[in-house]
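Here is a friendly walk through a two-chain model, one topic at a time. Please keep the viewer open as you read.

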Amino acid sequence: MNSANYLYLSALLFTIGAVGVVIRRNAIVVFMCVELMLNAANLTFVTFSRINGNLDGQIVAFFTMVVAACEVVVGLAIIVTIYRSRRSASVDDANLLKR
Amino acid sequence: MVFNSPTLSYSLLSPILIILAGALIGVLIEAFVGKAVRPIAQLSVALGSLVLALIQVIRIRDFTSTAAAIGSVVIDGPGILFQGAILVIAIISIFLIADQDNFTSSPAALPGSDEERQAAQSGTVLTEIYPLTLFAVSGMLLFPIASDLITLFVALEVLSLPLYLMAGLSRHRRLASQEAALKYFLLGAFSSAFFLFGSAYLYGYAGTVSFAGIHAAVIGGTGNDVILLLGIAFVAIGLLFKVGAVPFHAWSPDVYQGSPTPITGFMAAATKVAAFGAMLRLFYTVLAEAQWQWRPFFMVIAIITMIFGSLVAISQRDVKRMLAYSSIAHAGFLLTGVIALNKAGLEASIYYLFAYGVATVGAFGIVTLVRDSSGEVSDLNRWAGLGKRSPWVASAFAFFLLAFAGIPLTSGFIGKFAIFSAAYESGATAVVIVGVLSSAIAAFFYIRVIVLMFFTDATEDGTSVVIPSILTRLTIFISLAITVALGVFPSPLLDFIKPLAIFIR
């Protein structure tokens, strides 16, 4: 199968994630969209790893997973704190600043 | 199968290792040391490791090596200078961070709950902030010396993740602070995803993640240019987000305003040094031969960043937001240094970053002092007449503002002059003209604040300047001294930078 198709797929996933970050309102969903973008980048790395015929890209994918896990810890901590104090995880409700 | 054990030159990596060790000791102190001695123990460990790392940086300043960590980092003059600048800024800010008035005593408690009140009454202080600061500093030290895409990405996250948490720890206006943390986190993660996606394309183009390999592929020019362009664009977006360039600046005013002020100062100054350090290395060494792909894009970004930052800052009524927009404008000025793409541009950028970073920490240090009964007063209208009530504080703030504006005899003037002349040499005349014009616009709103402080009658609404604690005083004095010294005698630092400011590949 043509490897380029995986690049199209990952670009599509990345775009879906990016659009999701911009239009979705729930912080958790926004965060999941970011994770989707990271995984799209991972897929790109792995595909290029196959195209280039070396393993560097696959190693990067492992690093990305670890980093994404750390990000989940920090991110969910922040989102849970916000939810506990506001009873809402909507990014639109968070509008105290700018005044 | 044979495994070769990696060789690490520990002495060259020691600044980062010292900071990481300090951070880990900080975590242990958090777990095992009693409440009463914890603040002083944490402060000594943090300060000690920062100073030790700075000494180590000075000791290794003449070494260059691409093999310090099996090709993952490169130790060279600019890297050492960026590390030194970050450490100096961190040392100045740690005193401000140590002033515990600014942080909530129990970040996990609900705002306004009994639990929070009890924690505040029992005199609990937040000491987790020190290890978090050190972790952030370790990422910042690694970021400008990283020489492959994996290290660059990991360093980016190591510097960002603690900062996201630190943004949410303010004592006053806790909801706003948590909101700042949420916005910083979501947009920061968003930009890291762009950065990672761009790295994937750079890897796809070059077939390797090492900077040397990518550079060789760029020179060879046999790869697919579309993939290279995509890679450069997405990586640039990720980095421009971190420095807050327009149109990727949306997070910075909110985060600057909502975060605890010491953290705002530290983040504004040190993150800028680290991010511009990495950006300069990437675009001066790895992608220099592909300049036709990125320089026009960067020129447009620099121009709109400078104009937008300066114009929007005029209409701000909040001092922290005003400083945020001013930092956006400064990101634009610094991008001129990236565009210059010559040795003078590199020297000027390093000088500018250091001078701007120190002045920023000092300015935010002063913002922590102006308070009323419910906390900091950042509304500019209530700063009116400050110069009559507390002339020293107001004068110091005025001096920092003049440095931001780039008035002669301040550090900002030398920085701006050097950076614009370097860009002019490289032929980016349009950018320089816009830069000078927007500096003039920016000078207007800085001077407006000075007029407000000194020549406007005070309103009687309980705004007062608290007597600074010894720690805050240290921050302000050191940054003021450095800003004055760099303005009056810039040549020692410029001469120090000159022989060191050569990237090796």
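## Chain A

What radius of gyration would a compact globule of 99 residues have, and what does chain A have? The globule would come near 13 Å, but chain A has 17 Å. Keep in mind that this is a predicted model. Along the principal axes, the C-alpha atoms of chain A take up a box of roughly 50 × 25 × 20 Å. Of the 99 residues in chain A, 37% are buried. If you look at contacts in chain A between residues at least 6 apart in sequence, 49% of them join residues at least 24 apart.

The secondary structure of chain A is quick to describe: three helices and zero strands, which read α-α-α along the sequence. Helix α2 of chain A covers residues 27-52. Just after α2(A) comes A:G53, with a positive phi of about 70 degrees.

## Chain B as a whole

Chain B has 505 residues, and a compact globule of that length would have a radius of gyration near 23 Å; the value for chain B is 22 Å, which agrees. Its C-alpha atoms fill a box of roughly 70 × 55 × 40 Å along the principal axes. There are 20 helices and three strands to find here. Buried residues account for 61% of the 505 residues in chain B. Among the contacts in chain B with a separation of 6 or more, 81% come from residues 24 or more positions apart.

## The nonpolar core of chain B

In soluble globular proteins, nonpolar side chains tend to be buried together. The largest nonpolar core here has 226 residues, and B:I86 and B:I89 are the members that touch the most others. The element that gives the most to this core is α7(B), with 21 residues.

Which residues does B:I89 touch, leaving aside those up to four places away in sequence? They are B:A269, B:A270 and B:V273, together with B:G357, B:V358 and B:V361.

The three strands of an open sheet in chain B run in the order β2-β1-β3, with antiparallel pairing. At the edges stand β2 (375-376) and β3 (464-465) of chain B; each has a single partner strand, so one side of each is left without a neighbour in the sheet.

Strand β1 of chain B, residues 370-372, pairs with β2(B) in the antiparallel sense over two bridges. To see this pairing in the viewer, go to B:D372, which stands opposite B:G375 in β2(B).

## Where the chains meet

How many residues of each chain take part in the contact between chain B and chain A? The count is 34 residues of chain B and 36 residues of chain A. On the side of chain B that touches chain A, the elements giving two or more residues are α6 (149-166), α7 (174-206) and α10 (251-258) of chain B. Helix α7(B) gives the most to that side, with 17 residues.

What is the make-up of this side of chain B by class? It has 24 nonpolar residues, seven polar ones and three charged ones.

Notes: Residues are numbered from 1 along each chain as its sequence is written. Chains are lettered from A and ligands numbered from 1 in the order in which they are written. This is a predicted model: local features need pLDDT of at least 70, side-chain atom pairs count only at pLDDT 80 or more; totals for chains, interfaces and linings use all residues. Two residues are in contact if their C-beta atoms, placed from the backbone, lie within 7 Å. Helices (H or I, at least four residues) and strands (E, at least two) are DSSP runs, numbered from the N terminus. Ala, Val, Leu, Ile, Met, Phe, Trp, Tyr, Cys and Pro count as nonpolar, Asp, Glu, Lys and Arg as charged, and the others, Gly among them, as polar. The radius of gyration is taken over C-alpha atoms; the globule rule is 2.2 Å times the number of residues to the power 0.38. A residue is buried if 20 or more other C-beta atoms lie within 10 Å of its own, exposed if 12 or fewer, and partly exposed in between; C-beta atoms are placed from the backbone. A nonpolar core is a set of buried Ala, Val, Leu, Ile, Met, Phe, Trp, Tyr and Cys residues joined through C-beta atoms within 7 Å. The expected span of a helix is 1.5 Å times one less than its number of residues. Two strands pair if DSSP finds at least two bridges between them.
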